[in-house]
Amino acid sequence: MGLGPPSPHKAGRRFPAGGKRGRGAKGSGRPPPGRRQPPCPPPDGSSESAIDAHPHLSSEALGYFRRALSALKEAPETGEERELMVHNVMKEVEAQALALATDRTGSEIMQELLGFSPPKPLCRVWAALRSSLRFVACHRCGVHVLQSALLQLPRLLRSPAEKEEEDVEEEENGKDSPLETLEELVLGLASEVCDDFVFYCGDTHGSFVVRTLLQVLGGTLLESERARHRGSQSPDSQKAPARECKPTDFEVPETFLNRLQDLSSCFLKDIAVFITDKISSFCLQVALQILHRKQPQLCAHLCSAVIGYLSSRNSSANGSPLLLFLRDQTSSRLLEQVLLVLEPRRLQSLFEDHFQGQLQALAAHPIANFPLQRLLDAITTPELLSPVFEELSPALEAVLAQGHPGVVIALVGACRRVGAHQAQVLQLLLEAFHCAEPSSRQVACVPLFATLMAYEVYYGLLEEDGAVPAEHQVDMAMARALGDVTVLGSLLLQHLLHFSSPGTILQSLGALTGPQLLTLAQSPAGSHVLDAILTSPSVTRKQRRRVLKTLKGQYVALACSRHGSRVLDAIWSGAALGARKEIAAELGERNQELIRDPFGHHVARNVALTTFLKRREAWEQQQGAVAKRRRALNSILED
């Protein structure tokens, strides 16, 4: 589609899907991951030949650890035999810890073995690596072993102290110095990192240790960081956006939180480095997420330091100096996280001082549109939403045409969250997709929103500029198969279905044919639109039934689909007994086909299809009891 000035009825308009959130993704405006630092020399200044002097893992030893891991996976989860096996294997891991951690295959095996380890064997392995901490932390394989050791803390801190582990092995090591506890080892690692904080944060591999350490000290694991660790050797492993994080909290000693405060203070000493350096910036982003949950005052202090530093640069430039950094590859990512953790009052001030009057320009920029999305994600008050909406709303079609639909989806999400400007933004969307006038076109809005296509593009119409838009042709719409549902289009529909008055969207959904609604339910992205229909408090039971009745005759195809079967399970869970009979009767006509299908047989089991076909009365009693329990549970939840 052309990228000229927006026109209310411009023909041939197809909205680009928008840039992906990952670094270096096509159309994102962000270059691919850049800097990879050369291996650092050992702390004593010796040459690289000293690194080669570290022990290497023999093929025989690698084979032993591979077999040991396989045996542990197959062994019973509890029992004396398993404990003895773990004890012996971890003793061998301790003996060859450095060689195992720095071998590509060996490190992967070691990471899995640490997951079986009780506290004391893990402490011994950790102690064996401590003398080479700097080398291991900056090694492309060793860093993941240290991460894995740190990530055992949530599991081991929850388990009771195992004093019975003081067995024969301790007697053999009686002459050695007392074994440090896990708490002491973590605090020791934090102390060493703190002493050379800028180096570890700036190292390509060492920064992973810092990020994981911050999470462990704060007692919060971020989902995006766990995903990075699981797939950390992959180039795509750092693509998770900040807003996708799903933190998991666990209890930690008070000493951990105190040390977290010490580490966080290190950011303030060299704030310029952590704002401008690509690798170091990741550590500060993680710290902000952890502190926002555990030490909000320190988080606010760090945010003020970041904003203050950026606001003081290039003071002679036109407008706020912060705008320059919103367009920068590295600092814009940090500002995204700052926007997400700022308290509402501070966010309002930041908007008024730096963003106001610049939103349309930011929305059009290939990099700055991402921080703008985070600003919209952070809005929780009508006082902030109103000026933002007033400034952005006239440019919705232009923003879509520029390939930045994420900005529009974030604005719609803010309207949903705050509960304001919902009717206005829906009308603007209808106009942007060229289905507002004539009013007969509004019934086609769901396919247009789902595919992010304007009306003329979706239906292949040729309309000249200035021509009167044609009326909607129902036969044409019914004959056209549903287009490919985009992720952002699905998110847009989910937001709109949670508006206080989703009637326009429900009317359009009700106009879809059975095959079209089936395609939506079978789509990885579109299936979540059906979830929104089932869960939105704005959708009444009557409206829900009116939309879902279109699926009658499509239940078998739905059951035999990966995503459709999940939708059918959700429909079944909320269905009344009469609706369940209809679904079961339709599925029962093709019972054998369902049983042979990898997804269908799960649906058949969930529906108790065999009982339905052979013992109808027993099935009805069973389903009636289930419905009764569900009603009782709902009444309790409502109270």
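1. Helices (H or I, at least four residues) and strands (E, at least two) are taken here as DSSP runs, numbered from the N terminus. Under this convention, H434 lies in the loop between α27 and α28. The model is predicted: local features require pLDDT of at least 70, side-chain atom pairs count only at pLDDT 80 or more, and totals for chains, interfaces and linings use all residues. Residues are numbered from 1 along each chain as its sequence is written, and side-chain values use heavy atoms, with hydrogens and water left out.

2. Overall composition. The protein chain contains 42 helices and two strands. Of its 639 residues, 51% count as buried, where buried means under 20% relative accessible area, exposed over 50%, and partly exposed in between (1.4 Å probe, protein chains only). The protein chain exposes about 29,400 Å², of which carbon and sulfur atoms supply 51%; accessible areas come from the Shrake-Rupley method with a 1.4 Å probe, and for residues only the protein chains shown count as cover. Among contacts (heavy atoms within 4.5 Å) between residues at least 6 apart in sequence, 74% join residues at least 24 apart.

3. H434 has a positive phi of about 60° although it is not a glycine, and at 1% relative accessibility H434 counts as buried. The loop between α27 (422–432) and α28 (445–451) also holds P438, which is joined to E437 by a cis peptide bond with omega of about -5°. H421, in the loop between α26 (405–418) and α27, likewise is not a glycine and has a positive phi of about 60°.

4. Aromatic pairs. Rings of Phe, Tyr and Trp (its six-membered ring) pair if their centres lie within 6.5 Å; planes under 30 degrees apart count as stacked, over 60 as edge-to-face and the rest as tilted. By this rule the count comes to 10 aromatic pairs. One of them joins F197 and F267 edge-to-face, at 5.0 Å centre to centre and 85° between the planes. This pair links distant parts of the chain, with F197 in helix α12 (residues 197–202) and F267 in helix α15 (residues 254–269), 70 residues apart. F197 is buried at a relative accessible area of 5%, and F267 is buried at 0%. F612 and W619 form another edge-to-face pair, 4.8 Å centre to centre with 75° between the planes. Both members are buried: F612 has 3% relative accessibility and W619 has 0%. Ring pairs also link F197, F267 and F274 into a cluster.

5. Charges over rings. A charge is taken to sit over a ring if NZ of Lys or CZ of Arg is within 6 Å of the ring centre and within 35 degrees of the ring normal. R616 lies over the face of F612, at 3.8 Å from the ring centre. The charged end of R480 sits over the ring of Y458, 3.7 Å from its centre.

6. Packing of α17 and α18. Two packed helices are described by the angle between their axes and the distance between the axes. The axes of helix α17 (residues 278–294) and helix α18 (residues 296–311) come within 6 Å and cross at roughly 145°. Axes are lines fitted to C-alpha atoms, for helices over the stretch in contact, and angles run from 0 to 180 degrees between N-to-C directions. In α17, L284, L288, L291, H292 and K294 meet P296, L298, C299, L302, C303 and V306 of α18. The residues of this contact divide into nine nonpolar, one polar and one charged; Ala, Val, Leu, Ile, Met, Phe, Trp, Tyr, Cys and Pro count as nonpolar, Asp, Glu, Lys and Arg as charged, and the others, Gly among them, as polar.

7. I271. This residue is in helix α16 (residues 271–276) and is buried, with a relative accessible area of 13%. Not counting residues up to four places away in sequence, I271 touches L284, A305, V306 and Y309.

8. L492. Helix α31 (residues 487–497) contains L492, a buried residue with a relative accessible area of 1%. Leaving aside neighbours within four places in sequence, L492 is in contact with I409, V412, L429 and F449. L492 and V412 are 80 residues apart in sequence and 7.3 Å apart in space, C-alpha to C-alpha.
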